[in-house]
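Dear colleague,

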Amino acid sequence: MCAMSDPGRPLPGGPGQPPYPVPGPLPDEASGSLPRVGPAPVPDEAPGPLPRVGPAPVPGDVPDSGLADTVLTRLTTLYPAAGNPFRAQEMVAYMKGVAPFLGIRSPERRALSRAVLDGTPRPTEDDCAAVALRCFALPEREYHYFAVDYLRRHVKRCSSGFLPVARRLVTTVSWWDTVDHLAAHVVGGLVAADPALGSEMDRWIDDEDPWIARTALLHQLRFKEATDADRLFAYCLRRAADTDFFLRKAIGWSLREYARTAPGEVRAFVDGHRPLLSPLSVREALKHL
C-alpha cells in the first residue's frame, strides 16, 4: 500500500496557492489562469444575511449515523457564525461562481473544524459516507471542503465499497478545488489499498464526464514507486486528443509527478508520443526535466 500524504501538505505542482480556502493547501496546478481577487471594500451594510443555521435534511440514500448527526449540527452552527459575507463574494468570484461561500479563510476554517470534531470517535465507513454526503448536500463550499478533509483523514477506514460514494462526490458541484483532492487522496487511497479497483479506473478514464476521467488520470498522483506506469501512460494516450483544458492539464500533471520517480521513463514517453499530446500536456510533463 502506498503511504498517503499528510493532509496539511500541498499536492505538488503549482508555484502558488489560492488565497481562499480549499481542502488543505491546493496549488494553482489545476486552475490555469484563474484570477487572484484582491480584498473587497467593506460597505456600511452587509449584502445580505448569512445562510441559515442548522443541518440540511438527510437524503434518503445516506446511511444513518449518530456521529454524522453530531458533526453536522456542530458544523452548521460554528461555520455560519464565523462567515464573512464580503469575503464570501471574493471567494465566489475567484472560484468562478461554482458555489456560494460562507466567507471563512482556511486557517480559521481548520480551527473551527477541530472544534467540530473535538471528542468525536473514529468513524466507521458508514459514518464517513454520511458525513461527506450530508456536507455535499449543503450549498456552501466550505462544507464540501470539510467533507474532503474528513475523508482524507479517514480514508484508510473505508473499504473498496466506498468507491461509489467517492464517485458521487466527484460529480457533485465538480470543480478542481474538490475533485483533485478526492482523486489523489480518497480515490487514490482506495485503489492503493485494493489494486483490484484499477479495473474500475479503466472504466473511469473513458467516462463522458471529464471530472471522472480527470480523477482516473490523477488517482496515482501520490503513488511514486508504486505507480502502474503502463496504466498511467495508457490513460494519457486515451485522453490525449481531448481539447478539455482540465484533462490536458491532468495529463501533464500526472506525468510530471511520476517524473519525480522515473524521469527517464516519462521523457521517453513524451518524446515517443509528442505528436499526440497537446502542447500544454507536454509543457507540464517536462517542466522539471
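F146 and Y150 both belong to helix α5 (residues 141-154), where they lie 4 residues apart, about one turn of the helix. Helices here are DSSP runs (H or I, at least four residues), numbered from the N terminus. This is a predicted model, in which local features need pLDDT of at least 70 and side-chain atom pairs count only at pLDDT 80 or more, while totals for chains, interfaces and linings use all residues. Residues are numbered from 1 along each chain as its sequence is written, and side-chain values use heavy atoms, with hydrogens and water left out.

Both F146 and Y150 are buried (under 20% relative accessible area, with a 1.4 Å probe and protein chains only). The rings of F233 and Y258 have centres 6.2 Å apart and planes at 65 degrees, so this pair is edge-to-face (ring centres of Phe, Tyr or Trp, the last by its six-membered ring, within 6.5 Å; planes over 60 degrees apart). This pair links distant parts of the chain, with F233 in helix α10 and Y258 in helix α11, 25 residues apart. F233 is buried at a relative accessible area of 13%, and Y258 is buried at 10%. Y79, Y143, F146 and Y150 form one aromatic cluster.

Helix α9 (residues 210-218) is largely enclosed by the rest of the structure, because 8 of its 9 residues are buried. Among the elements covering these buried residues are α10 (229-238) and α11 (245-259).

Yours sincerely

Note on methods. Buried < 20%, exposed > 50% of the residue type's maximum accessible area, 1.4 Å probe, protein only. Helix = DSSP H or I, 4+ residues; strand = E, 2+ residues; numbered from the N terminus. Contact = heavy atoms within 4.5 Å. Phe/Tyr/Trp six-rings, centres within 6.5 Å; stacked < 30°, edge-to-face > 60°.
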